[in-house]
Each structure stands twice: as C-alpha cells, then as structure tokens.
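Please read the following report on one protein chain alongside its sequence and coordinates.

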Amino acid sequence: MDWLIPLLVATISTGAIAWMNHHGTVPILGDSGIVAKILGFVQNLPGFYIAALAAIATFNRTDIDRHMPEPTPSIDVVIQGKTILIKLTRRRFLCTMFAFLTAESILLTVIAILGLVTAEAAKSLIPYEFHSHAKYAFLFAYLTIFWQMIAASFWGLYYLGEKLHQPDQR
C-alpha cells in the first residue's frame, strides 16, 4: 500500500506519458505541464490535512482512544534512547496518517516549485542526449510521491468513513 501501489501507478503513468510523447506532445514541465497542474491541486491540501489532524486530535469520543482491533498495528518509538513498541489507538493512527499526509503534500509542493523554477538551468547542466531521461526520471519520482499521497488519502478516507465506526470484534 505504501510503496507497491504508488510505484506501480507511477510506472504506468510515466510510461503512458512517454508513449504519448512519441505521438504528440504532453508537456511535463512549464506552466501548462503535468507537474504544474498537479501543483495546483496539491498546494491546497496541507490546510485540509491540518484541519483533519486537528479534528482527530481533539475529537471527544472515548472509543477513538482504544487500541485498534487485532491484529493491532504498532510502531516503534524511541524514548530516552530505548525503543518501545506501542500498539496504535485509532486516534494515534489517524493523527500519524494526517501528519504524514501534511508533510508529504508540503514536500510535493516544494519539489514542484523547485523543479519548475530550475528546469531550464538544469537543461544546461545535463548533456542534451540525457534531457529526456532526466525529465522522465524527475516525473517518475514526483509521481511516485504523488500517488503515495493519493493512496494514503483514500486509505484515510476509508478509515474515517467506514472502519472508525465499526464496533470492535471480540
């Protein structure tokens, strides 16, 4: 879920764009390119993710603080140099997810801005025969992070809309 699906979809997306570029032009960088279009969408997300994080963090319902049903996911936390395994509550799971999504959307925004601003300068540093490879490598990396964010967002929506409200099975 975290890497396989995003890598698969990024591979398909990048491959489809490269194939289409053999039969026409699909802009990748520039004002009308794919990266700029994704940036227009992604740059609005941090505010929504922060609002969701704040809502979950302050949600006043006791069952959200119970451990998730078995098999309960857990995380390793380092406290005073010691690693402790902590079973996740619903609240901690959702807070961690929305904090991750906030950071990822900010990262995507910054990468897109830097990529768009430095694309022309980067062309002069890269030998001409590698321009296409560099452009598709950047697109693949960017789309991998983008599709990871989308997959995690849908996972969070599913959890909030369905799983959060299901009773524990005991």
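How many salt bridges does the count come to? With a salt bridge taken as a side-chain nitrogen of Lys or Arg within 4 Å of a carboxyl oxygen of Asp or Glu, the count comes to four. The model is predicted, so local features need pLDDT of at least 70 and side-chain atom pairs count only at pLDDT 80 or more, whereas totals for chains, interfaces and linings use all residues. Residues are numbered from 1 along each chain as its sequence is written, and side-chain values use heavy atoms, with hydrogens and water left out.

Among the salt bridges are these:

| Pair | N to O distance |
|---|---|
| Arg91 and Asp65 | 2.6 Å |
| Glu70 and Lys87 | 3.6 Å |
| Lys123 and Glu120 | 3.8 Å |

Arg91 lies in helix 4 and Asp65 in the loop between helix 3 and strand 1, so this pair ties together parts that are 26 residues apart in sequence; helices (H or I, at least four residues) and strands (E, at least two) are DSSP runs, numbered from the N terminus. Arg91 is buried at 13% relative accessible area, while Asp65 is partly exposed at 42%, where buried means under 20%, exposed over 50% and partly exposed in between (1.4 Å probe, protein chains only). Lys123 and Glu120 both lie in helix 4, three residues apart, about one turn of the helix.

Lys87 belongs to strand 2, which runs antiparallel to strand 1 and is joined to it by six bridges, pairing being assigned if DSSP finds at least two bridges between two strands. The two strands form a hairpin with two residues between them, and Gln80 in the turn has a positive phi of about 50 degrees.
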